[in-house]
Amino acid sequence: MLLLVALDGDPWAPVLSRVAQEAGTEVRLVDDLRELRFDVRVDRRGNPRCAVRTVRGDVPEGIVFRGGTVLAQDGGFGGSEHLAAWWALLAAFDGPVVNRPTRHGPLLTVDRLRTRRAAGVGVSAWTLREPWPAVPASRAVPAVTVVRRAADHRPVAPSGPDGCSFVADETLEVIESTAATVLWVLIAGERFLVPAGKGTLDLPGEAADRLRRILEPDLPALARLVVEFDREGDCRVLDADPLPGTDLLGEAVQDAASAVLACVTRGAAP
Amino acid sequence: MILALGSAADDTFLHLLERLRAADGAGRRVAAVDVVHLALAGSFRLDPRDPASGTLRVGDVEVPWGEVSGVWVRLPELASGAPDDEGRRLVTGVRAALATAVHGLRVPVVNPPLVEPSNASKVAHLLSLARRTGLAVPESCLTDEPDRAAAFVAEHGGDVIYKGASSAKTWVRRWDPARDPARLPLIADTPVLFQRRVDGPDVRVHVAAGDLHAERIDCPAVDYRLAPPGTVFAPAQVPERIARACRDLSAALDAPLLGVDFKVEAATGEWFLLEANAMPCFEGYDRRAGGAISASLVRYLTGAPQRPARPGRSTGGAD
């Protein structure tokens, strides 16, 4: 049985459920830790042992964690305790897990890559109530500028007299790229997919290997990256979203879901 | 210039700030910034590719990023104290930006934020620490099943403590066979962490810029933070293996300041690792150690030359 942990409305949950069931795998969807009974044991040498079942008695062989759970979203004490328990359970579970936490955190973000000073990660800049210069004198004109709120990473449209210079009454994160090519890349299991027409293409092996090296040991089984490629073929990660939607995948969403589930069913998830 | 980023309501932040200001002889000006004040009324622009291009301003404090030679930063959760959603968003945004941005500054930072997020989950943290250090940890059981909790308690003859699973502050309690069995069904809604009680003193080891400062706490209560009458604090000797593990952990986590908690089993002398905190409240330990911890940090941040350690204060490396 596959345990799929996701909130109601999660765009991947119905796709993953359908693909898993078509492949003959039973799926249980849960959004609340209270639907499980579990214990995580740690011995004096730090070896974990984990037992988990649903309240109906089903025992999972693999877990896909989509981040959202009911109480873990509560910012209070109960929410902290439930999130801590999820983190422990997913870290200790001895079967395959999609989005298994590492010591850097439960879900991959670009901030997590920065705080562990991973090589190959793009630089952001921040501004609060200060004008952002339209064309920095010291640098090339960016081909891509992403501006988003530092509080929640929601994108905002730059505003200013010429559409480039802007100032805001809150902290903004500015990501600029002067590279020739900026792509979003969906990591789905062992595949690195880029959008192409109505579907997707696999990123060439050499580029995918570069990305794997940048992300290790935090390589996720499902995440969306924004990546810049220079003319020499080198790349840098500008952004990482651990909970991507399905909107840009078109008809390729089924293939992507199969690739994610292959990790769980093969036991090869990171 | 040393930049101190934190909260005016945080005693630990103020403690090292005071020491940094007192060490003005090192020739570094200290600029103190309250993060909430910055969020509500200040401004800054920071581009790590060109730090000299930006300045932080709040009140009468002006900090050109290019002149910053060291950073003392503590960014506890502050947004929940804001009066409304707008305030929460402003404080959250500034905190998130600074927590990431200081990692891009090429100057000494105590401590780069978020370097050890796993201690938001005590069990995940314990697994991570045991894997990294090879040190022993107390046998533990995190569960929402009353039967499994009861089985764990029985395995250890009832000599068990319990506490919360997250970094939210909870008091450690000793298992009470007269009271607690009837309360076990409550864990079905919120899991609880049970651990074998290690009978012996606590030891807090602070790694401060590579220096080790250790204190032993003998306390009649199960949670020494309650400090009941009879609690005794004294400088401690740390076995070489433990000292090396603490220093290695501090280096691996990129945390020049690290508070590492141990229990030492009285019957065997074995050390059990409980927690490593990269944002420790260290001022009480520092005062009892005559300011030795903050002196190590001030030297690190100001680049002042190392002075010989006072006898009895350099407590690492004894076996």
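Chain A is divided into two domains, domain 1 (2–95) and domain 2 (101–270). The model described here is predicted. In it, chain A also meets chain B, where 45 residues of chain A are in contact with 51 residues of chain B.

- The C-alpha centres of domain 1 and domain 2 of chain A are 26 Å apart.
- Between these domains of chain A, 15 residues of domain 1 are in contact with 15 residues of domain 2.
- On the domain 1 side, helix 1 (12–22), strand 5 (62–65) and helix 2 (77–92) of chain A each supply at least two residues.
- Helix 1 of chain A gives the most to this side of domain 1, with five residues.
- Sorted by class, the side of domain 1 of chain A that touches domain 2 has 11 nonpolar, three polar and one charged residues.

**A parallel sheet in chain A**

- An open sheet in chain A is formed by four strands in the order 2-1-5-6, with parallel pairing.
- Strand 2 (27–30) and strand 6 (97–98) of chain A stand at the edges; each has a single partner strand, so one side of each is left without a neighbour in the sheet.
- Strands of a sheet pair through backbone hydrogen bonds, and the pairing may be parallel or antiparallel.
- Strand 1 (residues 2–5) of chain A runs parallel to strand 5 of chain A, and four bridges join the two.
- Within this pair, Leu2(A) has Gly62(A), in strand 5 of chain A, as its bridge partner.

**The largest nonpolar core**

- The largest nonpolar core has 171 residues, and Ala88(A) and Val260(A) are those with the most contacts inside it.
- Helix 2 of chain A provides the largest share of this core, 10 residues.
- Apart from neighbours within four places in sequence, Val260(A) is in contact with Leu16(A), Val98(A), Ala188(A), Gly189(A), Ala221(A) and Leu222(A).

**Where chain B touches chain A**

- The contact between the chains involves 51 residues of chain B and 45 residues of chain A.
- Strand 3 (43–46), helix 3 (85–101), helix 4 (122–133) and strand 8 (140–143) of chain B each supply at least two residues of the side of chain B that touches chain A.
- Helix 3 of chain B gives the most to that side, with nine residues.
- By class, the side of chain B that touches chain A has 25 nonpolar, 14 polar and 12 charged residues.
- Strand 7 (residues 124–128) of chain A and strand 3 of chain B run antiparallel and are joined by three bridges.
- Trp126(A) has Leu46(B), in strand 3 of chain B, as its bridge partner.

**Helix 4 of chain B**

- Helix 4 of chain B has 12 residues and reaches 16 Å from its first C-alpha to its last, close to the 16 Å expected at 1.5 Å a residue.
- Of the 12 residues of helix 4 of chain B, 10 are buried, so the helix is largely enclosed by the rest of the structure.
- Among the buried residues of helix 4 of chain B are Lys122(B), Val123(B), His125(B) and Thr133(B).
- Gly134(B) follows helix 4 of chain B and has a positive phi, near 75 degrees.

**Arg49(B)**

- Arg49(B) lies in the loop between strand 3 and strand 4 (55–58) of chain B.
- Arg49(B) counts as partly exposed because it has 13 C-beta neighbours inside 10 Å.
- The C-alpha atoms of Arg49(B) and Ser294(B) are separated by 31 Å, and the two residues are 245 residues apart along the chain.

Notes
Residues numbered from 1 in each chain as written. Chains lettered and ligands numbered in written order. Predicted model: local features only at pLDDT ≥ 70, side-chain atom pairs only at ≥ 80, totals over all residues. Contact = placed C-beta atoms within 7 Å. Nonpolar A, V, L, I, M, F, W, Y, C, P; charged D, E, K, R; others polar. Pairing = 2+ DSSP bridges. Expected span 1.5 Å × (residues − 1). Buried ≥ 20, exposed ≤ 12 C-beta atoms within 10 Å, placed from the backbone. Domains from an automatic or database assignment. Core = buried A, V, L, I, M, F, W, Y, C linked by C-beta atoms within 7 Å.
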